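Dear colleague,

Please find the structure we discussed below. My notes on it follow.

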Amino acid sequence: MAAGAQGGLLGRLVSVLETYRGRDRVIRTLCYGCQLMGGALAWKDPAQAPVGSSLLAVSEQLSHCRTVLRLFDDLAMLTYSCQYGLGAQEDDVPVRWLSVLNNLADQLYYPCEHVAWAADTRIIRANSQQWWALSMALWGTSLILGIARSLRILAQLRRKLQTQPSGSLQTSPEALRAQAKAEALMILSNTADLANAIHWLPPGLLWAGKFPPWLVGLMGTVSSLAGLYQTCMKGSTGTV
């Protein structure tokens, strides 16, 4: 039985790695995990500083890898935004407009990050710090909108489960609870990412620039594991 469980877990991991989004989540988890371990080693034990520095270097390279791969995300994001449109399929107006604004922030984020990357690599002449700050502000805005959307949906799901008899629900209580769990994980993931997004903003705003590397790694690891778990569960249930 243990061998079968391990085989099932390995199969899920392989399925995740076969997709672009799944592979990105795995790279992201490794990136922040290395930053967490490297930062903790360098901070806690000076004797382990060389190992910590090596892990931080690996984390930096994985982060660069993800930045380059995101150069090809604009068209996919634009297609999704066009398909969603103004959210006519949504029954709830606040959810609709939160989603529309979220899509807009995500769509604007990519070109800003591309310009910042191109400036850093000296492909173009521009102030990369300003473009990185703008891209972080857009990412933070997207995360705040995502948290608000998930909180709204979570409140609606709880209201349905508490006030409507099981027989009158169009969706089974089990499916509603699974959706509520997914939204709760999304809130956890986005909140952890928001903490890092604020850290990467120009100094002077809240805790911008004040996180040590291990804390950035911790926030990113929490977010990444939540996202990776959702990806694995979606793959195992066949949902999108």
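Helices here are DSSP runs of H or I with at least four residues, numbered from the N terminus. The model is a predicted one, and the notes should be read with that in mind.

Overall

The protein chain has eight helices and zero strands, so its pattern along the sequence, with helices as DSSP runs, reads α-α-α-α-α-α-α-α. Along the principal axes, the C-alpha atoms fill a box of roughly 60 × 50 × 35 Å. Of the 240 residues in the protein chain, 38% count as buried. Where contacts join residues at least 6 apart in sequence, 64% of them are between residues at least 24 apart.

Helix α2

Helix α2 covers residues 20-44, which is 25 residues. At 1.5 Å a residue it should span 36 Å, and its end C-alpha atoms are 36 Å apart, so the two values agree. At the start of α2, a side-chain oxygen of T19 comes to within 3.0 Å of the backbone nitrogen of G22.

G38 also belongs to helix α2. Is G38 buried or exposed? Its relative accessible area is 0%, and because buried means under 20%, G38 counts as buried. Apart from neighbours within four places in sequence, G38 is in contact with G52, L55 and L56. G38 and R177 are 139 residues apart in sequence, and their C-alpha atoms are 37 Å apart in space.

N102 lies in helix α5. At 12% relative accessibility, N102 counts as buried. With neighbours within four places in sequence left aside, the residues in contact with N102 are S142, L145 and G146.

The loop between α5 (93-120) and α6 (128-163) holds R122. Most residues other than glycine have a negative phi. R122, which is not a glycine, has a positive phi of about 65°. R122 has a relative accessibility of 77% and therefore counts as exposed.

The loop between α7 and α8

Two residues in this loop are worth a note. L206 is located between α7 (173-199) and α8 (213-237). L206 is another residue that is not a glycine but has a positive phi, here about 50°. The relative accessible area of L206 is 56%, so L206 is exposed.

P202 lies in the loop between α7 and α8 as well. How does P202 count at 44% relative accessibility: buried, exposed or partly exposed? The cut-offs are under 20% for buried and over 50% for exposed, so P202, at 44%, falls in between and counts as partly exposed. Leaving out neighbours within four places in sequence, P202 is in contact with A133 and A208. P202 and M77 are 125 residues apart in sequence and 27 Å apart in space, C-alpha to C-alpha.

Regards

Terms used. Residues are numbered from 1 along each chain as its sequence is written. This is a predicted model: local features need pLDDT of at least 70, side-chain atom pairs count only at pLDDT 80 or more; totals for chains, interfaces and linings use all residues. Side-chain values use heavy atoms; hydrogens and water are left out. The expected span of a helix is 1.5 Å times one less than its number of residues. A polar contact is a pair of N or O atoms within 3.5 Å; within protein, one must be able to donate a hydrogen and the other to accept it, and residues adjacent in sequence count only if both atoms are side-chain atoms. Buried means under 20% relative accessible area, exposed over 50%, partly exposed in between (1.4 Å probe, protein chains only). Contact means heavy atoms within 4.5 Å.
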